[in-house]
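Dear colleague,

I am handing over the structure we spoke about, and my notes on it follow just below.

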Amino acid sequence: MAIENGKGGEIGSSNKYSKFKAKMTGSLPVVLRVAILLATGGATLGMGLNKQSKTAVVAVVGTTPISQTFVAQFQDTPAFVYFVIANAIASFYNLLVLVLQPHLKGKAHNIWVLIFDMVVMTVVATGAAAAASIAELGKNGNQHARWNPICDNFGAFCCRGAIALAESFVGSLLLLILNVLSTVTLRKNVAAHD
Amino acid sequence: MAKALRACVFLLRLFAAAATLVAAVVMATSHETTSYFGFTMEAKFQYTSSFVFFVIANAIASGYSLLVLLIPSTSSFSRLVIATDVIIGMLLTSAVAATGALSELGKNGNQHAGWLPICGQIHEFCNHVMGALICAFVGLLIYLLILFHTFYVVINPLFP
């Protein structure tokens with residue numbers, strides 16, 4: 001009775017553990033990669049297509065008003081350009097790994113994938129950090145440097161940029177989880193072979 | 001060979017702790033007041049969130065490095081240290097990236113947003129920030145070397 005109702009016999013628990021291990025090493029990395037692809041791809045598109053123009057009357061000469069169009073686009077800020085490029089690199093790399101997944105069976109392949117994973121994670125993290133720093137400045141301005149905030153004038157630009165930034169942060173976090181998982185499973189495989 | 005590697009990593013962590021500590025201190029002591037055209041302009045690191053994050057991140061990294069030096073490498077914490085090494089490296093990376101973005105803005109301004117460059121007025125502050133950035137970058141490179149060593153120790157058995 002205790003064996004049936006309790007934690008189960010030794011055979012039952014080892015089955016559960018092996019199933020869990022199979023899931024961690026098999027399907028979880030693929031699911032993570034698909035999620036990362038979606039997140040970084042969405043961030044790239046969201047910031048890459050981010051543009052807002054506003055027309056305002058600047059002066060009145062006689063009776064004719066002169067209007068000027070002010071454009072907010074991501075190309076004006078180097079940090080946002082780097083953000084788009086970094087997320088594009090990450091999404092292309094993950095797409096490549098997902099497509100080549102059946103062919104990557106050897107140990108050397110796994111190590112190169114892990115190394116490139118770490119590089120891509122760093123690139124995405126730096127892109128997100130730089131863009132977040134500039135976005136905070138655009139939202140709050142800096143009174144001491146006499147830099148005025150721009151989000152009150154270009155609300156849609158800021159909203160889309162914020163969504164892209166949030167997606168990139170999620171992608172970066174998932175990349176971190178994927179890296180830690182890969183390192184731990186690699187270490188476990190090494191320990192199992194020894 | 002293994003002993004030499006361990007001594008090497010010990011030294012690297014010591015250097016990383018020193019570099020990040022210096023970066024945090026240099027940024028925290030950056031302060032300049034100038035006056036031009038009758039305006040007094042004061043530049044402190046607290047006025048910018050990115051710089052505050054930079055100081056905090058470097059302080060955390062420095063404290064963590066010193067803490068890890070006290071852990072013997074054969075204890076059960078060594079696996080946790082591998083994961084936290086990656087996390088602290090990411091923290092340092094994002095701090096350097098955010099401060100770098102803001103420094104570039106301070107140096108060149110952004111014409112389209114109407115933000116004028118301010119490094120011309122607060123030259124000493126800009127130099128201070130540049131020094132702190134360089135120190136943190138060196139600390140980051142040392143952390144990268146530490147991560148490479150972790151890789152070598154983990155992956156080496158796979159290359160017989």
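In its unreviewed entry, UniProt lists residues 47–71, 80–102 and 130–155 of chain B under "transmembrane region". Please keep in mind that what you have is a predicted model, so the values below are computed from predicted coordinates.

Two of these spans can be described from the model itself. Residues 80–102 of chain B are 100% helix and 0% strand, with 33 Å between the end C-alpha atoms, while residues 47–71 of chain B are 84% helix and 0% strand, with the end C-alpha atoms 37 Å apart.

Turning to the interface, 35 residues of chain B are in contact with 33 residues of chain A, and the two chains bury about 3,100 Å² between them, of which 75% is on carbon and sulfur atoms. Across the interface of chain B and chain A the rule finds zero salt bridges, although it does find six residue pairs in polar contact, both residues of each pair being at pLDDT 80 or more.

On the side of chain B that touches chain A, the elements giving two or more residues are strand S2 (39–44), helix H2 (49–69), helix H3 (77–108) and helix H4 (123–155) of chain B. The largest share of that side, 15 residues, comes from H3(B). Sorted by class, the side of chain B that touches chain A consists of 24 nonpolar, eight polar and three charged residues.

With best regards

Notes:
Residues are numbered from 1 along each chain as its sequence is written. Chains are lettered from A and ligands numbered from 1 in the order in which they are written. This is a predicted model: local features need pLDDT of at least 70, side-chain atom pairs count only at pLDDT 80 or more; totals for chains, interfaces and linings use all residues. Side-chain values use heavy atoms; hydrogens and water are left out. Contact means heavy atoms within 4.5 Å. Buried area is the accessible area (1.4 Å probe) that two parts lose on being put together, summed over both. A salt bridge is a side-chain nitrogen of Lys or Arg within 4 Å of a carboxyl oxygen of Asp or Glu. A polar contact is a pair of N or O atoms within 3.5 Å; within protein, one must be able to donate a hydrogen and the other to accept it, and residues adjacent in sequence count only if both atoms are side-chain atoms. Helices (H or I, at least four residues) and strands (E, at least two) are DSSP runs, numbered from the N terminus. Ala, Val, Leu, Ile, Met, Phe, Trp, Tyr, Cys and Pro count as nonpolar, Asp, Glu, Lys and Arg as charged, and the others, Gly among them, as polar. UniProt positions are given in the numbering used here, feature names are shortened, and annotations may be inferred rather than shown by experiment.
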